Amino acid sequence: QSSAFSFGGLTTVNGNLTIQSTGASPNSTSCLLLTNSSTLASNIAGNLSITGGYFAPFGSSTSGNCSLAIGGDLSLASGTFDIFRQASNTSTINLSGNFSMTSGTLTKYGNGIGNFNFAKSGTQTYTKSGGTISNAVNFTVNNGSTLDLGTNLIEGSSGTFTLSSGGGLITANTAGITSTGATGSIQVVGTRTYNTGANYTFNGSSAQVTGNGLTGAANLTINNSSGVTLTSNTSLSGTLTLTNGILTVGSTNTITVSSGGSITATSGSLASGTGAGTFTFSGTGTISGTIGFNHVNIAGGVNFGTASTINGTLSINAGGFVSTNAPIYASGSTLKYNSGGTYGRGTEWSAASAAGYPHHVQISTGTILDLGANSGTATARQIAGNMTVDNGTTLSMALNPMTAPLTVKGNYFNYGIT
């Protein structure tokens, strides 16, 4: 063809649509259109394959907002896919299958808004080994869709990228996800939005960093035998899953876990020592699997499971308590009562060996520790290291009168009241 051809408002393709050629010199004036007049909501039930030519579903004379739903895969091996040519209004491409680009061009030449949504209910893959993405194409991963990028890049667009709450992103990029610049999986020029209510998986084969784009997650999965390093403080409202490899939180970083959150390890682990960073539980929490923590702060009931170890400090803040299972306290670790007010010793200090047997104990921040609480008056208590009673705090064996002794195997530093 030597001029533009329009289907005049084609609403439905029940199978696949393949575009091989639109003339000897395909361009914006000799392109294939679904409409070039009225607003249109069109649907391709199967795959859209572009191996040549120029496909612009909504021409420059189209009035109103338009949409194209692709029920299958989109493959671009040559030619041009121009998602919107209007001077105003909005075009939306909803892709329910996989995205593959080996050559050709994905663009938006009109001044209207061009949106490209990954809209599958489940996981869809994005592969780009060649070709060009240009102009302001706005990419969105919808709620319920998980986009698996591998090591591929979404780049070239001057538009935006949005990972919606309830959506997911899987990346094997060594630089993870970033907020700006030509690094990481997402490299669009416009604003990059990584929702803290979305799910993130890092599954590379080489060592990865999460990148400064990760500030929070609903669920965070680490599945990289070469390891993943957290770039900055991160919030978690769901589950941290350590599937494979080592997660290095970093000595200055904190993962804040919302009430009801959990941490589980199968074959993965946290880095040793201070590399495990700090975990702060804002409310209730559950831990399962073999996990070695550095510092942990709790402000609700936390079940440490049967194989958790504290290597640094477990701080029990206001509202905090150990539920069901106490951690193992490594040599040199500290159980710190930091709640203020009167606190009744409980599951956190409930044994003379193994889980629930503290090394050092510190009473801080005006806390009065009732050692005999929770039916513990007749049970001897023991710690492997030092007892420190800070200024303005109290260790009480009288609130619930102890009839059994307290044994401190290390030093006793009393700056408060005993």
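Let me begin with the secondary structure. The protein chain has 0 helices and 48 strands. How does its radius of gyration compare with the globule rule? The radius of gyration is 29 Å, well over the 22 Å that the rule gives for 418 residues, so the chain is more spread out than a compact globule. The dimensions of the C-alpha trace are about 100 × 35 × 35 Å along its principal axes.

Some further totals describe the chain. Of its 418 residues, 51% count as buried. The accessible surface amounts to about 15,400 Å², and carbon and sulfur atoms account for 47% of that area. Turning to contacts between residues at least 6 apart in sequence, 55% of them join residues at least 24 apart.

Between β43, residues 367-370, and β46, the parallel pairing extends over 3 bridges. Within that pairing, D370 has S396 of β46 as its bridge partner.

Strand β30, residues 261-270, pairs with β32 in the parallel sense over 4 bridges. In this pairing I263 stands opposite I287 in β32. Strand β32 also pairs with β35, residues 301-303, again in the parallel sense, over 2 bridges. Here T286 stands opposite N303 in β35.

Which residues of β32 form its covered face, and which the uncovered one? Strand β32 spans residues 285-288; G285 and I287 make up the covered face, while T286 and S288 make up the uncovered face.

Let us move to the loops. T324 is in the loop between β38, residues 321-322, and β39, residues 328-329. Its phi is positive, about 70°, although T324 is not a glycine. Is T324 buried or exposed? T324 counts as exposed, because its relative accessibility is 60%, and the cut-off for that class is over 50%. T365 also has a positive phi, near 55°, and is likewise a residue other than glycine. T365 is located in the loop between β42, residues 360-363, and β43.

A further threonine, T35, is placed in the loop between β4, residues 32-33, and β5, residues 41-44. T35 has a relative accessible area of 0% and is therefore buried. With which residues is T35 in contact, leaving aside its neighbours within four places in sequence? The contacts of T35 are S6, G9, L40, P57, F58, G59 and T62.

Finally, I turn to the salt bridges. How many are counted by the rule used here? The count comes to 2. One joins the side chains of R85 and D82, at 2.5 Å from N to O. R85 counts as buried because its relative accessibility is 19%, and buried means under 20%. D82 is also buried, at 0% relative accessibility.

The other salt bridge is formed by E155 and K128, whose closest N and O atoms are 2.8 Å apart. E155 has a relative accessibility of 22% and so counts as partly exposed. K128, at 15% relative accessibility, counts as buried.

To close, I return to the overall picture: a predicted model with 0 helices and 48 strands, in which the chain is more spread out than a compact globule. Thank you for your attention.

Technical notes:
Residues are numbered from 1 along each chain as its sequence is written. This is a predicted model: local features need pLDDT of at least 70, side-chain atom pairs count only at pLDDT 80 or more; totals for chains, interfaces and linings use all residues. Side-chain values use heavy atoms; hydrogens and water are left out. Two strands pair if DSSP finds at least two bridges between them. Buried means under 20% relative accessible area, exposed over 50%, partly exposed in between (1.4 Å probe, protein chains only). The radius of gyration is taken over C-alpha atoms; the globule rule is 2.2 Å times the number of residues to the power 0.38. Contact means heavy atoms within 4.5 Å. Accessible areas come from the Shrake-Rupley method with a 1.4 Å probe; for residues, only the protein chains shown count as cover. A salt bridge is a side-chain nitrogen of Lys or Arg within 4 Å of a carboxyl oxygen of Asp or Glu.
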